[in-house]
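Morning, everyone. Please bring up the model on your screens, and I'll walk you through it.

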Amino acid sequence: MPMQPWFTDAKLGIFVHWGIYAVDGVQESWSFYDDIVPHERYMSQLERFTGARYDPRAWADLFARAGAKYAVLTSRHHDGVALWDTAYGDLNLGKDYLGPYAEALREKDLKVGLYYSHSDWNHPDYASTRKPGRPPEQEDNRYSEVAAEFEDLDAWERFIAYRDGQIRELASRYRPDLMWFDGEWDRSEEQWRIPELAALIRSYSPDVVFNARMLSEGDYATPEQGAPIVPPDGPWELCLTINDSWGYQHHDHHHKSLSQLIRYFTETIGGGGNLLLDVGPMEDGTIPEPQVERLEGLGEWIRRHADAVYGTGRGLPAGHHYGPSTLSADRRTLYLTVYDIPRAEIGVRGLATKVRRVTVLGTGTELAHQVVGGLHEAVGVLWIDPPAPADLDPHATVLALELDGELELYRGAGRF
């Protein structure tokens, strides 16, 4: 399937981890799986979850102000608790939270993404088999697998029927633009029946996009938390938390600064990826204010530098410029990101295309520039005068280099 162009031009998506785990502010699913929180206590949150101030239109408005083009909401995490009134399984909140979410996003022209975990550590038929090739000496977790001699393939068939029933509900009701799967490590592609699952979803949403955790059916890579040093080939997305937690945790006040988030964002889009930035609403549905402030700050920066964000592709390879960059679709404008206050001229190496004009994006101030050196096919270094203090952005300054033709780079070693 060809990649949907909306995804590669989106640049920013918002990940929303919201579920019963926000009641006590514990880690989603893993807290009972790893015996950090007793299972009974974890599941007691189901009765105490209110969603009393859930306002999906306020969410969508915030995401649009942040500059996002899509969002991904956890329809069902590994704990098996569904955020819609599913007819399959016993664990749901008795209310459809997904329908209003999808409607609100589309009102703001945002693409609708749904997270769904392949695994379900609460389903009675889930821990009925194990991944082929798993070393027998590894300790089994009672929520996810059984020893080989106790496998029950009939129970696994019942689980797959339950899974397919829920996926059919999601695909037919909400027609998602993106399905973000997780939990794939628990079983093999054959056990998950990935091609059949993809065909089921595409029968309702033919142009749906899948992340890499749909294995052979995945459309893009999904590095998590760690920004890649070498960007993946093809489309990709960095999923990143604003603090240290995916869902709401009362004690986690370790929020990344706005400047740090802008660095993550510019480095990601400079490498050709999207940033999927996570928020964790409280159990009543409100997004914590520190996360709101950072989304709004990021949106303000993006609006000032929109030309360097939307309609661009990955920029210069490492070594040409000390910072990320993006390139316009016609390959005639190169956007350089400068994080620190320049103490001298800004150098760019290997530009084989002549630069006609350099301006500061957002202010329009033109900067003097010259090429120094070069011999035969080896091009000289472009030196750009540093912007004046009044032209510097407090977080990241962007320079627009208008080229005299499409970008060409010299990547050779010069004359020996």
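One cut-off before we start: a residue is called buried when its relative accessible area is under 20%, and exposed when that area is over 50%. Anything in between is partly exposed. Keep in mind that this is a predicted model.

Now apply the cut-off. Does K11 count as buried or exposed? Its relative accessibility is 2%, so K11 counts as buried. Look at the backbone there too. K11 is not a glycine, yet its phi is positive, about 70 degrees. You'll find K11 in the loop between α1, residues 5–8, and β1.

There is another residue to check, L215. Again not a glycine, and again a positive phi, about 55 degrees for L215. L215 sits in the loop between β5 and β6. With 32% relative accessibility, L215 falls into the partly exposed class because that value lies between the cut-offs.

Next, the whole chain. How many helices and strands does the protein have? The count is 11 helices and 15 strands. Of the 416 residues, 57% are buried. The radius of gyration is 24 Å. A compact globule with 416 residues would come out near 22 Å, so the two agree. The C-alpha trace spans about 70 × 50 × 40 Å along its principal axes. The protein exposes about 18100 Å², and 50% of that comes from carbon and sulfur atoms.

Contacts next. Take those between residues at least 6 apart in sequence: 70% of them join residues at least 24 apart.

Now the sheet. Seven strands make up an open sheet, and the pairing is parallel. Read across, the order is β5-β4-β3-β2-β1-β7-β6. Which strands stand at the edges? They are β5, residues 209–210, and β6, residues 237–241. Each has a single partner strand, so one side of each has no neighbour in the sheet.

β6 and β7, residues 274–279, run parallel and are joined by five bridges.

Helix α11, residues 289–304, lies across β1 (12–16) and β7. Against β7, α11 runs at about 155 degrees.

That's the tour. Over to you.

How values were computed
Residues numbered from 1 in each chain as written. Predicted model: local features only at pLDDT ≥ 70, side-chain atom pairs only at ≥ 80, totals over all residues. Heavy atoms only, no water. Pairing = 2+ DSSP bridges. Helix = DSSP H or I, 4+ residues; strand = E, 2+ residues; numbered from the N terminus. Contact = heavy atoms within 4.5 Å. Axes fitted to C-alpha atoms, helices over the stretch in contact; angles between N-to-C directions. Rg over C-alpha atoms; globule rule 2.2 N^0.38 Å. Buried < 20%, exposed > 50% of the residue type's maximum accessible area, 1.4 Å probe, protein only. Areas by Shrake-Rupley, 256 points an atom, 1.4 Å probe, with all protein chains shown as cover.
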